[in-house]
Amino acid sequence: MSTIVSLPDQSTAALPKRNYLNAEHGLLSWLLTGDHKRIAMLYLISITGFFFLGGAFAGLVRLELLTPAGDLLAADTYNKMFTMHGIVMIFLFLVPSVPATLGNFLIPIMIGAKDLAFPKINLLSWYLYLVGGTFTLTALVLGGVDTGWTFTTPLSTHYLNTHVITTGLAIFVAGFSSIFTGLNFIVTIHRMRAPGMTWFRMPLFVWSNYAASILMVLGTPVLAIAIVLVVLERTVGLGVFDPSKGGDPLLFQHLFWFYSHPAVYIMILPGMGVISEVIANFSRKRVFGYTAVAFSSVAIAVFGFFVWAHHMFIMGVSNYSALVFSLLTMLVAVPSAIKIFNWSATLYKGSITFETPMLYAFGFIGLFTIGGLTGVFLGSLGMDIHLTETYFIVAHFHFVMVGGMLMAFLAGIHFWWPKMTGRMYPESLSKLAAVTTFIGFILTFFPQFILGYLGMPRRYHAYPADYQVLNVLSTAGATVLGVGYLLPILYLAWSLKYGEIAGSNPWQATGLEWQLQSPPVTENFTEIPYVDYEAYDFEWLAHKQKQEVTTVG
Amino acid sequence: MVVTQPGDLHEEHEHEHVHLPQHRHHFETEEQQREAASFGMWLFLLTEIMFFGGLFMAYLLYRNWYNPAFVAASHTLSIKLGALNTAILITSGFCMAMAVWAAETRKRKALVNFLGLTNFFGIAFLVVKYFEYAEKWHDSHIPGLKFSIADFGKLGVDMAQKTQVYYSLYFAMTGMHALHMIIGIVLIFWYMVRANRGEFTEGYVAPIENFGLYWHFVDIVWIFLFPLLYLIDLGAK
Ligand code: HEM
Ligand SMILES: [Cu+2]
């Protein structure tokens, strides 16, 4: 194994003749594919679809809140709208977004493997995702659910006669999709790394997906069983959560949040991985404190399991345990802060350029930091009791998930778009979209912090007239934000046909994925690479580029 | 650092060595494939532990709160049938272990037979379970569908009501366990067909080994369920 092949010619004016996109033809070849890259594309399309569906619900909710009177939607329709919005966004968008699309596409390539360990299970994951999505839509068509995305008992088991069972099934099935994705990643990362690709040479994107996978594998089954029990209570009347039979509704919350708090990190960790890659590349430096950043992902995963009870401060958890959980909740902020510090240190004295992915990455850091800090407010007991169930919460989690995760998702899509499709997107439009998203976001959600602080409760379709100005601002912001999200869809689709040919490494990035042609061939590597350099070794890259001619060693 | 650019697809498939048809070409070696499969199975079982873990946690909690109700309700179960089922399941676990051995030593006939025996005992387990469930139905001990606390008068109405939690958990836990058995049994039939064709006795044993792990896991869950549900206060008196 000693032939060194020079980096492929950047100036080729056409896409590579043979690549994973044209390896086989016809719809069936896609629907039955085992290629992780094709499955990633299938996910990308379906996830985007659900994102805009969830966005449409958000739009309706925001329109209703334009005026103080509950005039556009009846109270129960409103409840159904925000429930569907939450369910679609959480389970069908946020949880799978980065892992299932970018993770699927990149993880095998980044560690020098030809595919994920279990290609068929990978395809199965996608089908399970679709089945889950279909159930959700079915529930919607049949009349919707209005429990909120948290399915709180006994509301969900006894009082609401909407389609809890169908939705429960949806989440159960989608949950298995996520379990299988996580399982596939873990096995692949453990067993399929190319020779020389040690744990501490792996890109941080791989680390963060690894940590998220641990959460998926350990947390999701607990959600699954909680949902099974809810369904059994509704159908045959078993009574694990039913007080009249001796059960305790609070137990449901414990089981639910045991998953759903870590789920926040399932959603955010892969996004942090994207940010690490983007920042390293556009400041052309190895991520400062690489090991600390890698371990902080794992630390977040571990701590993530110990904080769930902060969701139950107001529900009669004992003072003592509330105190412990409050402290633990603060603790989980530490590894996130480590990441933020290390990214800043990476930027410091880096040769920074502001390409589109970098703009989104800056958006991520800003918004996620605000979201995280307000989370610390909420983690402290006294504040939580004042702010819980107000718009402060709504603003907080939108800052973390939408401001954080979605920015990261867009950063990643833009960064690896040339690799996935072989073409560039239009530069100025994409920058415009990034800025629009950022402004729209702030305008939408910042007023909600104030609303919450002033005491506007969430989950009501009408509110006192005093709150109107801020609500109008928020709805206006949502419109801008909507435009910011639509733009990329349009120009990315456009670029598929008309975009400039990207060449194998348009960013001059390191990492195995950039050594392959764009788009890569089905099996990624004809010969498994031997890796003898650290991640983000930009000097190595510069050196390689000078060496036009191949050497034999 | 060596990265080769893609050559022709067809060339890629011409490895120098001959390998089993089951060897998937994204693995470098068969050993790697086997390790990956087994690691994957262990991880899957870990998710199963978490899945049942939710139920066990509920059990521990309620048993602490309503101990008298749990003890009284557990007395309505038949320890004899439970013990019989434990024996049946251990036997089937033994047969499964033998099936794995047969696959590894490349004995096709023996593999098919041991799989058949495993299945026989698996089904026997479910038959016994069926009689137990039928008895609960007859005694009106099924929360939600058919329940009366007549048998638990001694506890006082309040505590007697709590037996419903016990039965809820009993049905949820044994039901989940039975569901796992059913899935296993269906899979075994499928493996028998394939074993008969000689698929697992040519050196490609990973599916049988991994299925063996699954089956043992299901056994072990029962080994926990039996004392927790049937023998709650054995030795307490
Ligand atoms: C386009 C921008 C968005 C707007 C204008 C928006 C607006 C809203 C509003 C008004 C609510 C209802 C708050 C309440 O009454 O409690 C809500 C809830 C929620 N949103 Fe969004 N949202 C947007 C995007 C997203 C995204 C992208 C996600 C996740 C990826 C998300 C996740 C959630 C969740 C989980 C809830 C809670 C639902 C529940 O209470 O059951 N939102 N959103
Ligand atoms: Cu939480």
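**Ligand 1 and its surroundings in the predicted model**

A polar side-chain atom of His398(A) sits 2.7 Å from a nitrogen atom of ligand 1. The shell around this ligand draws two or more residues from each of α2 (36-64), α3, α15, α16 (427-454) and α17 (468-498) of chain A. Helix α3(A) gives the largest share, eight residues. The model is predicted.

Two further polar contacts to ligand 1 involve oxygen atoms of the ligand. A polar backbone atom of Trp149(A) lies 2.8 Å from one such oxygen atom. For Tyr78(A), a polar side-chain atom is 3.4 Å from an oxygen atom of the ligand. The shell holds 25 residues, of which His85(A), Trp149(A), His398(A), Arg458(A) and Arg459(A) come nearest. By class, 17 residues of the shell are nonpolar, five are polar and three are charged.

The iron atom of ligand 1 is coordinated through NE2 of His85(A) and NE2 of His398(A), at 2.0 to 2.1 Å. These two histidines link distant parts of the chain. His85(A) belongs to helix α3 (residues 75-94) of chain A, and His398(A) to helix α15 (residues 391-421) of chain A. The pair is 313 residues apart. Ideal angles for six octahedral donors are 90 or 180 degrees.

His85(A) counts as buried because its relative accessibility is 17%. His398(A), at 12% relative accessibility, is therefore also buried.

Elsewhere in chain A, Ile385(A) lies in helix α14 (residues 381-387). Its relative accessible area is 52%, so Ile385(A) counts as exposed. The C-alpha atom of Ile385(A) is 7.5 Å from that of Phe313(A). Along the chain, these two residues are 72 residues apart.

Chain B carries annotations from a record. An unreviewed UniProt entry lists residues 42-62, 82-103, 110-131, 169-193 and 213-232 of chain B under "transmembrane region". Two of these segments can be described from the model. Residues 42-62 of chain B are 100% helix and 0% strand. The end C-alpha atoms of residues 42-62 are 30 Å apart. Residues 213-232 of chain B are 90% helix and 0% strand. Their end C-alpha atoms are separated by 28 Å.

Key:
Residues numbered from 1 in each chain as written. Chains lettered and ligands numbered in written order. Predicted model: local features only at pLDDT ≥ 70, side-chain atom pairs only at ≥ 80, totals over all residues. Heavy atoms only, no water. Donors = N, O, S within 2.8 Å, 3.2 Å for Na, K, Ca; no water. Helix = DSSP H or I, 4+ residues; strand = E, 2+ residues; numbered from the N terminus. Buried < 20%, exposed > 50% of the residue type's maximum accessible area, 1.4 Å probe, protein only. UniProt positions renumbered as here; feature names shortened; annotations may be inferred. Near = heavy atom within 4 Å. Polar contact = N/O pair within 3.5 Å; in protein donor to acceptor, adjacent residues only side chain to side chain. Nonpolar A, V, L, I, M, F, W, Y, C, P; charged D, E, K, R; others polar.
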